Amino acid sequence: MNAQLVAVLVLAAGTYAFRLAGPVLQGRVELPARVQELLGQAATVLLVALLATGALTAGHGFAGWARPAGVLVGGVLAWRRAPFAVVVVGAAAVTALLRLAGLP
């Protein structure tokens, strides 16, 4: 068997095991309230870090000012509970207009 195929099968089995562990252990393992709170905060921190790296970097450098401005506008529109299409179009429009104006 090919080594890459074995690696893919092992990763697939591990992923399936992680997905199966939640429903199987739901009633058996009780996490303290503090741990549950920390897990929620950790998920938020990871999402913010992903947003920041996606908005601020391109390749190995800074993405310029247009992209973070568009992400900021999209975030404000989402926070104000605008429809999803308005959020996407608003963020894209701000980014496009700033790039058209000459900002990188």
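Colleague: How much of the chain counts as buried?
Modeller: Of its 104 residues, 11% are buried, where buried is under 20% relative accessible area, exposed over 50% and partly exposed in between, with a 1.4 Å probe and protein chains only. This is a predicted model, with local features needing pLDDT of at least 70, side-chain atom pairs counting only at pLDDT 80 or more, and totals for chains, interfaces and linings using all residues. Residues are numbered from 1 along each chain as its sequence is written, and side-chain values use heavy atoms, leaving out hydrogens and water.

Colleague: Which pattern does the chain follow along the sequence?
Modeller: The order is α-α-β-β-α-α, with helices (H or I, at least four residues) and strands (E, at least two) taken as DSSP runs numbered from the N terminus. The radius of gyration, over C-alpha atoms, is 21 Å, well over the 13 Å that the globule rule gives for 104 residues, so the chain is more spread out than a compact globule. That rule is 2.2 Å times the number of residues to the power 0.38.

Colleague: And what box do the C-alpha atoms fill?
Modeller: Roughly 55 × 45 × 25 Å along the principal axes.

Colleague: Switching topic: which contacts join residues at least 24 apart?
Modeller: Among contacts (heavy atoms within 4.5 Å) between residues at least 6 apart in sequence, 39% do.

Colleague: Where is Y16, and why does it count as exposed?
Modeller: Y16 lies in helix α1, and it counts as exposed because its relative accessibility is 57%.
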